[in-house]
Amino acid sequence: MQRDHCPCGRAQYDGALEIRCLADLHASRPAGLRYLDPASVAATLKSLNHSRTLVTTVQGDSLSCARPHRIRWGTAALDSHPATECLALQLADTAPATVAYTPTSGLHDDLDVLHFFGHTGALQFRVALNDLALGLALDALPDSVPASPDGPLSAHDNNVHSLTATLALKRRWHTGGAAWHLAQFQQATSADRLRALPLLGVERARPVSPLVIPSWLEHMREMGMAYWRLMVGDMSTQADGSVVTGLAVQSSHVLLQSRLGLSVLDLNNIGSCWETRFTDGDRDVTFIELYSAQGTCLAVMAPYREHGLHYWRSVTNSLPGRVSRTA
């Protein structure tokens, strides 16, 4: 197999360059490449509401597919009904630095693709489209100039505990509600949440062994339990609320198949796992939160507020505790 390298060290296989950063895109020189204004692109995507369009979001190890009239822009709707089979897609407050549009370029099986890049030039997520109306809407947007990468982000010291952040989290823990907790999982703030969890007491947060996650997910699938699976990225959070129809474990990877898409968890990336407990109105709710060794949130498993909540709590409360995979 032929293998070359792009300027940032990414691999090229059999002449097909894998797009992981702006340098990759520049090196591939796809026909019809345009750079679009990020705010205009976001507004165009959110304005769609018809069944002919298919939007596929690819983020890290997660892939989800849905039609716009089934996409909920925002956080996971824990108070909705599982039968809605909704895919929630939330864009971070910090807009992407650059959005590149490659119309039927051949890079991705002749699909129109939007590539969202961060301020360092790294690819954050992609949206693949297969609808003429959307393509025409994007064609009408004005061109923009790609942002110059700022360089690698400085490493964050995960050993520093902010007493102010911990006290603020503790004060709102039982009063903020589920929506407030869901807002904590964007990667810009998730490290602060993780550092505070050990200081909140076991009645609010307790460590769970990551080793039991595959068997727990399989048990929930066998029971036909509907719940939300949030895959957290730098610039967006994907949440699939449909029933898991298939689960497979391949080496260290857990693949969760649903009617809306596929989510992949790499167990080797999980540094810690926590069961968190809080009050949402008149209900006691528990989340299962997965974090990397670097302290960023990878995924969150959350229940529907009105459907199967009691059983969800009984199962999550029974998961064995352990601080990390290496503890």
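Strand S7 and strand S8 (residues 87-91) run parallel and are joined by three bridges. Across this pairing, isoleucine 71 stands opposite leucine 87 in S8. The model described here is predicted.

Both strands belong to an open sheet of eight strands, ordered S7-S8-S14-S13-S20-S19-S18-S12, in which the pairing is mixed. The edges are formed by S7 (71-73) and S12 (205-208); each has a single partner strand, so one side of each lacks a neighbour in the sheet. From one strand to the next, the twist averages 20°. Helix H7 (residues 213-222) packs on this sheet and touches S13 (227-232), S18 (270-280), S19 (283-292) and S20 (297-303). The direction of H7 makes about 135° with that of S19.

Strand S5 (residues 55-59) is largely enclosed by the rest of the structure, because four of its five residues are buried.

| Partner of S5 | Sense | Bridges |
|---|---|---|
| S6 (residues 62-66) | antiparallel | five bridges |
| S11 (residues 123-129) | antiparallel | four bridges |

Threonine 56 has cysteine 65 in S6 as its bridge partner, and threonine 57 stands opposite valine 127 in S11.

How many disulfides does a search of the whole structure find? The search finds zero. A disulfide is a covalent bond between the sulfur atoms of two cysteines. Cysteine 273 is buried, with a relative accessible area of 0%. Cysteine 297 is also buried, with a relative accessible area of 0%.

Note on methods
Residues numbered from 1 in each chain as written. Predicted model: local features only at pLDDT ≥ 70, side-chain atom pairs only at ≥ 80, totals over all residues. Heavy atoms only, no water. Disulfide = S-S within 2.5 Å. Buried < 20%, exposed > 50% of the residue type's maximum accessible area, 1.4 Å probe, protein only. Helix = DSSP H or I, 4+ residues; strand = E, 2+ residues; numbered from the N terminus. Pairing = 2+ DSSP bridges. Axes fitted to C-alpha atoms, helices over the stretch in contact; angles between N-to-C directions. Contact = heavy atoms within 4.5 Å.
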